[in-house]
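Thanks for coming. Please have the structure open.

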There are 2 protein chains.
Amino acid sequence: MGEFDLIDRFFKRPVTRTALGVGDDCALLAPAPGMQLAVSCDMLVEGRHFLSSVDPVRLGHKALAVNLSDLAACGAKPLAFMLALSMPRVDETWLDGFSRGMFALADAHACDLVGGDTTQGPLTISITVFGEVPAGQALLRSGAQAGDDIYVSGTLGQARLALEVFRGKLSVPAEVFDVARCRMEQPTPRVALGQALRGIATAAIDVSDGLLGDLGHVLRQSRVGATIDTAVANELLGLDGLSPGQRLEFVLAGGDDYELVFTATPSARDAVQAAAQRAGTAVTRIGRIESHPGLRLVDAGGKQLDQRYASFDHFA
Amino acid sequence: MGEFDLIDRFFKRPVTRTALGVGDDCALLAPAPGMQLAVSCDMLVEGRHFLSSVDPVRLGHKALAVNLSDLAACGAKPLAFMLALSMPRVDETWLDGFSRGMFALADAHACDLVGGDTTQGPLTISITVFGEVPAGQALLRSGAQAGDDIYVSGTLGQARLALEVFRGKLSVPAEVFDVARCRMEQPTPRVALGQALRGIATAAIDVSDGLLGDLGHVLRQSRVGATIDTAVANELLGLDGLSPGQRLEFVLAGGDDYELVFTATPSARDAVQAAAQRAGTAVTRIGRIESHPGLRLVDAGGKQLDQRYASFDHFA
């Protein structure tokens with residue numbers, strides 16, 4: 001099967017909300033009047049972001065999910081995406097699974113595949129995603145202010161737990177692993193929550209490299225500091241079978257979570273919970289923004305902890 | 001150097017025509033009223049699209065150039081781009097050269113780098129480019145009609161000539177090789193020509209896989225056929241030192257040219273030449289669109305040739 005047959009068979013579908021999709025030199029997008037286009041791009045490399053043994057259906061889901069998660073963090077509504085795919089050879093079974101997993105998630109978010117590129121090479125998936133957000137209403141990393149509450153959606157640390165089991169460094173009951181593996185391989189981008197938080201959250205980011213590392217970007221760009229309540233954070237894993245130290249490490253620095261961490265003023269607490277309920281995603285208040293720079297961890301009694309956690313860095 | 005230092009040092013620059021650039025979960029683009037956003041994506045893999053020995057300055061240029069070429073083929077004006085980069089390690093000398101080459105071309109076209117992703121892995125460059133085109137005026141592959149002239153910009157086949165020399169399959173004088181190598185490593189996207197052809201060309205595509213293969217996309221999507229005058233095409237290489245058969249093969253099926261092939265009605269001949277002059281790019285009329293499907297080659301006397309040329313296919 002050649003390159004163009006492959007595109008026709010696995011990746012060409014009619015577009016529903018785009019002026020022009022797959023099959024010309026460019027796709028054409030026309031955001032509605034008053035809307036800005038939010039654009040983000042994530043690249044997944046075999047052996048680095050996923051194991052070669054991963055089910056291609058789940059990989060198709062994840063490759064798009066991590067991009068939709070960036071739109072969620074901006075409060076944008078998904079619109080379309082481009083797929084650049086490098087593969088060692090044409091494996092029809094793999095392509096069938098990958099495209100099914102990807103399109104199932106795309107359809108759930110009414111997001112058109114509008115173009116891309118396929119080539120021979122090491123298995124690498126690069127997706128660029130487009131969303132719409134009313135001009136001036138995007139959630140940015142730079143809006144947090146001293147006194148704001150800090151929230152996180154869903155649970156944290158499960159993807160890391162699954163990774164450690166895969167690496168043979170951890171052993172947990174099968175039912176714990178099954179839940180964690182699903183979180184690692186098929187994360188749920190918090191798209192509805194991101195949109196529901198427009199006008200409520202003061203800053204937001206998605207957790208891909210670990211809570212502390214990603215919150216750190218918000219703090220630097222907002223020129224503020226924060227204190228995190230580790231007693232509350234400790235409950236965010238939602239799974240048993242770990243020592244307290246491991247548990248906290250996975251929650252604070254696990255990575256690959258694709259939850260939202262966001263800030264809002266204390267006066268917006270009811271609005272935050274109402275938005276979370278509308279979006280069907282639980283959110284937990286885990287700390288507070290302060291004017292003093294840096295990130296501090298405290299225990300249940302308010303005592304400052306001195307543990308340090310490394311955030312995931314692709315070149316560290 | 002970590003991932004974020006790397007981005008700050010080599011890839012973060014103020015944006016000039018974009019609402020929000022590098023450094024948040026998403027970039028924000030706001031096309032002007034009445035404009036559509038043209039979007040395209042090309043992925044370059046080491047060993048497949050470029051040799052590992054290539055000068056990183058030239059590679060930075062080429063990675064963006066092949067994407068700008070897609071905008072040119074749509075008649076769109078460049079606006080911004082996203083860069084996803086996978087690298088085996090942080091090589092500061094390489095990054096310095098690559099980013100300089102890329103930004104030199106970006107600056108020449110007033111095109112902002114607005115975001116992307118960097119990760120560890122095999123050297124792979126995936127760029128998604130954004131351009132603006134007045135709604136409904138994009139040049140498409142589907143607009144060619146029987147009776148239209150077929151044109152090609154610049155010269156063809158030089159990149160292929162250089163590649164064959166690199167492969168050790170061909171030997172040419174040094175001055176011929178130098179010119180050809182420059183065309184292979186630093187192609188010139190025909191951005192001004194593409195915009196000048198809006199309202200004049202009936203269809204357009206850029207030549208990346210070879211003239212006949214790419215023209216074939218226009219023919220299929222326009223549901224027409226064509227005849228190409230090989231005596232005219234033969235002159236398009238613009239370099240000596242080859243047998244007539246090789247020469248024609250490189251012109252018709254060389255690949256990696258990044259010229260535009262486009263169609264226009266015979267009544268638009270003066271307008272086409274005026275557009276070419278405004279853009280500073282020569283164009284040559286090489287054939288005619290016909291209602292009978294298929295692609296025919298004729299010699300200077302009008303006699304049909306029966307040679308077949310394979311277009312470049314990444315999985316053939």
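**One chain, then two**

Chain A has 10 helices and 12 strands in its secondary structure; helices (H or I, at least four residues) and strands (E, at least two) are DSSP runs, numbered from the N terminus. The radius of gyration of chain A is 20 Å, close to the 20 Å that the globule rule gives for 316 residues, so chain A is as compact as a globular protein of that length. That radius is taken over C-alpha atoms, and the globule rule is 2.2 Å times the number of residues to the power 0.38.

Before going on, a word on the source: this is a predicted model, where local features need pLDDT of at least 70, side-chain atom pairs count only at pLDDT 80 or more, and totals for chains, interfaces and linings use all residues. Residues are numbered from 1 along each chain as its sequence is written, while chains are lettered from A and ligands numbered from 1 in the order in which they are written.

Along the principal axes, the C-alpha atoms of chain A fill a box of roughly 65 × 50 × 35 Å. Of the 316 residues in chain A, 54% are buried, meaning that 20 or more other C-beta atoms, placed from the backbone, lie within 10 Å of the residue's own.

Now the pair. How many residues of chain A are in contact with chain B? The count is 55 residues of chain A, with 55 residues of chain B; contact means C-beta atoms, placed from the backbone, within 7 Å. On the side of chain A that touches chain B, strand 2 of chain A gives the largest share, nine residues. By class, that side divides into 31 nonpolar, 14 polar and 10 charged residues. Here Ala, Val, Leu, Ile, Met, Phe, Trp, Tyr, Cys and Pro count as nonpolar, Asp, Glu, Lys and Arg as charged, and the others, Gly among them, as polar.

Strands also pair across the two chains. Strand 1 of chain A and strand 2 (residues 35-45) of chain B run antiparallel, joined by three bridges; pairing requires at least two bridges found by DSSP. A:Ala27 stands opposite B:Val39 in strand 2 of chain B.

Last, a helix contact. In chain B, helix 7 (residues 211-222) packs against helix 9 (residues 244-253) at an angle of about 35°, with the axes 5 Å apart. Axes are lines fitted to C-alpha atoms, for helices over the stretch in contact, and angles run from 0 to 180 degrees between N-to-C directions. B:Leu211, B:Leu212 and B:Gly213 in helix 7 of chain B meet B:Val251, B:Leu252 and B:Ala253 in helix 9 of chain B.

Notes
Two residues are in contact if their C-beta atoms, placed from the backbone, lie within 7 Å. A residue is buried if 20 or more other C-beta atoms lie within 10 Å of its own, exposed if 12 or fewer, and partly exposed in between; C-beta atoms are placed from the backbone.
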